[in-house]
Amino acid sequence: MTGAEGSAGFAEAAQPGAAEVTATVIVDAPAERVFAALTAWERQSDWIPFTTVRVVEGDGGEGSLIEAVTALGPAALRDEMRVVRVDAPYEVGVVHCGRLLRGPGVLRCTPMDRGRTQVVWHEWFHLPGGAAGRVAWPVLWPGSKFSLTQALKRFARLVEQGRLP
């Protein structure tokens, strides 16, 4: 681990923060296919708006460093994630370890009847900005949840259409 990921900083980032966001979707596809699509990191750009994702270190599996850059006009947000756990085809855990976005996250695939899969995306971010961040979070949370839910719905459509992974 390098830079912001020094061992003490990474351990701190791996602890759940106060900002929690969860989204879920049911995908009409088996868990193995859904999991493969979720962990096709660079294809996340196909279903997360304004975002470019790339594998910076590793092969995308455990230990890999993933970078997601979301840009809207001149504003850009860089999100660095270390993949800390892979339990295919059920779960992948990450730790957001960048300067602004920090905290653990998990993507879970739960097999259901008739070849369907429930996907749950759960994040626990540390709030930047101290007291101002804690005050702003209740205002930002609905937009974060809506955006995450819409992205997962787009993901489900692409998997069901055979366009992912």
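User: Hi! How many helices and strands does the secondary structure of the protein come to?

Analyst: Three helices and seven strands, taken as DSSP runs numbered from the N terminus, with helices being H or I of at least four residues and strands E of at least two. This is a predicted model, where local features need pLDDT of at least 70 and side-chain atom pairs count only at pLDDT 80 or more, while totals for chains, interfaces and linings use all residues. Residues are numbered from 1 along each chain as its sequence is written, and side-chain values use heavy atoms, leaving out hydrogens and water.

User: Thanks. In what order do the elements run from the N terminus on?

Analyst: The order is α-β-α-β-β-β-β-β-β-α.

User: And which order do the strands have in the sheet?

Analyst: The seven strands form an open sheet in the order S1-S7-S6-S5-S4-S3-S2, with antiparallel pairing. Strand S1 (19-27) and strand S2 (51-57) are the edge strands, each pairing on one side only. Pairing here requires at least two DSSP bridges between two strands.

User: How many bridges join S1 to S7?

Analyst: Nine, with S1 and strand S7 (residues 117-125) running antiparallel. As an example, Ala-23 has Trp-121 in S7 as its bridge partner.

User: Switching to H2: which residues are buried there?

Analyst: In helix H2 (residues 31-38), the buried ones are Ala-31, Val-34, Phe-35, Ala-37 and Leu-38. Buried means under 20% relative accessible area, exposed over 50% and partly exposed in between, with a 1.4 Å probe and protein chains only.

User: Why are they on the same side of H2?

Analyst: Because they cover an arc of only 160° around the axis, the arc being that of the directions from the helix axis to the C-beta atoms.

User: OK, cores now. Which residues touch the most other members of the largest nonpolar core?

Analyst: Val-27, Val-34, Trp-47, Val-119 and Phe-155, out of 31 residues in that core. Helix H3 (130-160) is among the elements that each supply at least two residues, and the largest share, seven residues, comes from H3. A nonpolar core is a set of buried Ala, Val, Leu, Ile, Met, Phe, Trp, Tyr and Cys residues joined through side-chain atoms within 4.5 Å.

User: What is Trp-47 in contact with, leaving aside neighbours within four places in sequence?

Analyst: Leu-38, Trp-121, Ala-151, Leu-152, Arg-154, Phe-155, Leu-158 and Leu-164, where contact means heavy atoms within 4.5 Å.

User: Which residues does the second, separate core include?

Analyst: That core has five residues, including Ala-13, Leu-65, Val-95 and Cys-97.
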